[in-house]
Structure formats: C-alpha cells, structure tokens
Amino acid sequence: MSSSDSDEPQECELCCEDAPIDLPAYETWVMCDICSEWYHGVCVGISASECERIDKYHCHKCVEQHGPSSYNGPALRRSSRSHTSVDYTKLNDGQPATFNQYLLRIDAHEFAEDEFEHLETGHTVTVDWIRHRDTNDPFVVDSPEGLGMQMPGQDTTVRDIAKIIGEETSVSVMDVLTQEELGGWTLGQWAQYFHSTDRRRVLNVISLEVSGTPLGDMVQRPTVVDKLDLVDNYWPETKRKPSKFPKVKAYCLMGVADAYTDFHVDFSATWVYYHVLSGEKVFYLVPPTPSNMRKFESWSKSPDQAVSFFAEHVKQCFEVRLKPGNTLFIPAGWIHAVFTPADTVVIGGNFLVMQSLNTHIGLYKLEARTKVPSRYRFPFFLKLCRYLIESLTKIWTKLDSPAKAKWTTEELEGVFVLASFLSDKLVDESCDAEVAKIVADKMGLRKYLTRLIEVVEPELSSRMLPEEWMNREPQLREGSHFRWIRPGMPRGSLLLATRPKRSRNPSTSDGTDRTIAKIRLKNKDGGSRSGTSRHRLVRRVTSSGTTSDASNGDEMMAALGTGQGKDS
C-alpha cells in the first residue's frame with residue numbers, strides 16, 4: 001500500500017472507459033500487497049487518511065483467497081463494525097466502489113425520533129411567530145399553502161431545469177464518495193447523468209444558485225423569509241451590483257438515490273428553507289449546544305473526518321423525513337447531514353435574521369478558525385455587517401421607548417455583539433487590505449459604533465437584573481458567546497458558546513486592577529440621561545500602559561475596545 005508519485009499511471013483498472021464522468025487525477029493510490037496492482041483510492045472507497053492506516057491491502061481480486069485488508073493502530077470508529085466499507089460485488093463486476101460507508105453508518109446508528117413541530121399549512125408562520133417562539137428547533141410545514149411561496153411544478157424534471165436555465169451553464173457536481181467537488185460539468189451533462197440508469201458513481205448537486213435565471217423567476221421564497229432576511233432589508237438598493245452582492249436566495253438541489261451530504265453547518269449559521277419538489281430527503285439534525293459545537297469544530301479539523309460519523313460523537317441526532325410538498329425550516333447553527341433515498345429535486349435558500357446575529361457572527365469566527373475556504377462562506381458578510389451598523393444606528397436613534405420594547409432580547413444581544421465584533425475586528429490599525437477596503441471611513445464607523453452602543457445598552461440592561469447584566473455584558477462585548485436555546489428548554493437559557501474567553505492578566509505587579517470595571521452611574525438629580533440608571537463599561541488606558549477605572553461617559557470608545565484581543 002502506498003501513495004502515488006508522478007511516474008504512476010493516471011487511471012486504474014476500475015476507471016472504466018465508458019464511465020459517465022471523467023475522474024480527476026487523484027493523488028491517493030493504493031497497491032494490492034498480493035498482486036501489486038494499483039488502484040485509485042477513490043475507486044475502491046478508501047480515503048487518504050484511511051490509506052495511511054492500512055497495513056496490508058487486498059484488492060477485490062485477492063480478498064476472497066487472502067481475506068480482507070488489515071489495519072495498523074486503533075480503530076477509527078467506536079463501533080466494532082468492519083473498518084472497510086467497500087462493495088466487493090461491484091468491484092468484481094468492474095465498477096468503482098460506491099459510498100456504502102455512509103449507508104452502513106446510517107443503518108447502524110440509532111437516531112432520535114422526529115420531535116419537531118409539524119404544521120399542516122404555513123398560515124401561522126409569520127414574522128412575530130418566529131421571533132417569539134419558545135424554542136430554537138427546526139419545524140416542518142407539510143403543505144406550502146399559506147407560506148406565500150411560488151415554486152416550479154412537482155413534475156419538473158432535471159431535463160426541464162437544464163433547458164430552462166441553459167444546458168451549457170456550468171454546474172458544480174459533488175462526488176458523494178469523497179465529498180469533493182468535480183469541475184467541468186454543464187447542466188446538459190448533469191441532466192444526462194441524472195436520467196441515466198448506468199450510474200457508475202453517486203453524484204450530487206447542492207450549490208446551483210438560480211437567482212436571476214429563468215428558473216429563479218419561477219421561484220418566490222416564503223413571505224416570512226423575505227420579511228426577515230437581513231440582506232433584503234439592510235443592503236442598500238443602490239449598491240446591489242450582481243458581482244458584489246450575496247446570491248443565496250434560491251438554490252436548486254438535485255440528488256440521485258443514495259446521495260449523501262456529510263454533517264455541516266450552513267455558512268455563517270444562516271437559516272435555511274428547504275422545499276421538496278419531488279423525491280424524498282432525510283435530514284439528520286444535531287442541536288447547536290456548546291458541547292456539540294466544540295465537538296463539531298474538533299471533528300471538522302480532524303484528518304479522520306471522512307471515516308468518522310459525527311452522529312456517534314453526540315448524545316442526540318434527530319432524523320426528519322421529508323416528502324414532496326414539505327418545507328423544512330432550519331434555524332441558525334443546527335448541524336445537519338442529508339441523505340437522499342430516491343432521485344430528488346429541491347428548491348431551498350439561505351437567509352440571515354436579526355434574532356440570530358450573535359450566532360451568525362459566532363459561526364463566521366468558527367469558519368475562520370477551521371480555515372473554511374472563502375468560496376464556502378457567506379459572500380460579502382463583512383460588508384453586510386457594515387451596512388447593518390449604519391442602518392441600525394439611524395433606526396435606533398429615532399426609536400421611542402415603546403418601539404424599542406418591541407425588540408426581543410435575542411435581537412438586542414445580536415446588535416450588541418455586532419457592534420463589538422466590528423469594533424474588535426474591523427476598527428483595527430492592523431486589519432488587512434480587504435477589511436480596510438470594506439471599512440473605508442474608520443472614523444465614521446467608530447461614530448456609528450459608539451452611538452449604537454449608547455442607545456442599545458440601556459434597553460438591553462433593563463431586561464436583566466443588575467447582577468446578570470454585569471456578568472453578561474463583557475461576554476456580549478467580546479462577541480464570543482451565544483444565547484443558545486437547547487431543545488425543550490425555555491427561551492432565555494444562557495449557555496457558554498464555542499470560543500473560550502480571552503486570557504487576561506487580572507492585575508499588575510503593583511496590584512493595580514486591570515479587569516474591565518463595571519460602574520453603575522446614578523444621576524443624583526433624577527437619573528441618567530436615558531431616565532434610568534444603568535451600567536456602563538469603561539476602560540481608561542494610562543500613559544504607562546496600565547488601565548484604571550473610569551466613569552466618564554465620553555470614554556465610551558475605550559469600552560468598545562482598541563483592536564486588542566483579535567480572533568484567535
């Protein structure tokens with residue numbers, strides 16, 4: 001067993017000439033220790049990390065006489081099932097291995113039953129209903145009636161889609177076995193593959209965004225999505241250039257039977273709506289609790305991710321089955337995998353919402369820590385944050401008390417975290433050229449940040465007891481904690497999130513306190529400027545570099561941070 005070098009052939013015995021796709025030049029090869037025949041690792045269903053653990057590899061022609069391959073080191077999985085998941089029957093027929101490893105994992109795992117809310121129609125799914133739900137759970141709308149949604153007919157085929165959009169349109173195709181993208185495909189070729197009965201590999205299309213196409217003109221998202229979407233509501237109309245504007249509204253997903261997408265969180269923890277036109281989908285959903293998010297981050301970084309089933313690392317993974325006409329809504333942050341039991345066509349989309357702003361920002365940071373490529377992240381996220389700050393500051397400056405009271409605590413926390421996030425990440429002398437271009441006028445942004453904190457902080461602090469606010473405020477200013485709501489728990493449960501607190505030296509050698517001081521300001525003449533007493537977080541930096549307590553309201557920018565404590 002070995003990996004290939006430049007002198008090795010670029011196709012193996014299992015790369016059939018009549019295969020419906022052209023395999024790329026995979027770098028990982030495996031050699032049979034009996035007959036010395038070389039194969040693509042992908043053709044025999046072995047990942048690069050698994051290849052490194054093989055002691056003796058036996059190909060499909062030798063396994064019957066000499067037994068299965070043997071492995072070095074500990075088992076990659078917790079269960080005692082066979083380490084290799086290769087379909088030797090298909091290999092003997094001259095066909096590359098399919099993704100049976102995923103089927104075996106799914107069949108062997110005991111998933112939690114679907115406990116989520118199922119609504120007969122979408123009449124009750126309104127903005128206020130979503131904003132004031134007592135849970136952060138996904139929910140299913142069985143019939144599209146009442147959602148205000150317009151979709152292509154259930155009889156729309158992939159051939160129809162290719163003709164509507166254009167058969168020469170390029171499309172990104174995912175190889176299910178490797179969970180990697182294959183380039184060079186057109187919609188016409190994809191339609192030919194999809195409707196073929198001779199599928200040598202299991203392929204999937206999950207990233208075809210159709211906004212602005214004839215198919216996109218046939219799609220109208222649920223009304224509630226249009227009303228909640230931050231991009232729709234806060235991105236200036238005059239700055240919506242096609243090449244510099246997030247296009248995530250409408251995706252056409254086309255998967256053949258047995259297609260599978262491994263566990264993931266949608267970019268920047270966007271909400272998702274997911275409508276099944278034809279076929280069937282099965283979702284495996286993991287709640288975004290702090291523990292699960294830490295496990296997910298660790299699993300995402302692991303070289304054994306391809307051979308480790310994430311559902312086995314968490315306490316609960318729910319199974320939700322969707323039929324034609326069903327619409328699934330997945331709130332921000334939920335970790336999920338998707339299995340396709342039959343050929344299926346789906347229309348779905350992503351959107352950001354105000355009540356999940358802290359979650360969106362937190363996932364943006366997690367993606368940075370796990371080095372997710374920019375093409376897989378929410379497009380122009382930082383630019384949207386800049387537009388949000390400007391719009392929210394103008395809006396909140398004009399709001400009266402009754403109007404402010406209508407904002408939920410989650411929405412207020414999101415705004416607070418947004419301001420802290422931009423202050424910490426963007427208003428920084430050492431920010432890179434791309435960020436500097438987005439920020440543009442730093443002084444103008446500083447003013448927006450200062451003003452927004454001044455008007456939001458009193459309202460947010462009034463929702464909590466003084467002791468709770470004193471503990472909560474520094475977390476929100478860091479923007480490193482979320483307000484996760486665990487399934488079955490009441491709204492408002494405060495839970496720590498994925499990122500650890502920044503380390504701080506609590507005191508200097510001379511005993512001077514260097515922690516952030518929280519000082520409750522009281523106006524002896526009848527209250528503070530807003531009419532209520534509140535906590536203000538202030539830090540004064542002395543010429544010697546130490547910090548001292550201060551209560552001067554003019555030093556609010558010190559409270560927002562000075563670029564220190566950047567993302568790790």
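Me: What makes a residue of α13 count as buried, and which ones are they?

Reply: Buried means under 20% relative accessible area, exposed means over 50%, and partly exposed lies in between (1.4 Å probe, protein chains only). In α13, the buried residues are Phe 381, Leu 382, Leu 384, Cys 385, Arg 386, Tyr 387, Leu 388, Ile 389, Leu 392, Thr 393 and Trp 396. Please note that this is a predicted model, where local features need pLDDT of at least 70, side-chain atom pairs need 80 or more, and totals for chains, interfaces and linings use all residues. Residues are numbered from 1 along each chain as its sequence is written, and side-chain values use heavy atoms, without hydrogens and water.

Me: How do you know what span to expect for α13?

Reply: The expected span is 1.5 Å times one less than the number of residues. Helix α13 has 18 residues, and its reach of 26 Å from first to last C-alpha is close to the expected 26 Å.

Me: Why is Ser 36 called partly exposed?

Reply: Its relative accessible area is 44%, so Ser 36 falls in the partly exposed class. Ser 36 sits in the loop between β1 (29–31) and β2 (38–40). Its phi, near 65 degrees, is positive although Ser 36 is not a glycine.

Key:
Helices (H or I, at least four residues) and strands (E, at least two) are DSSP runs, numbered from the N terminus.
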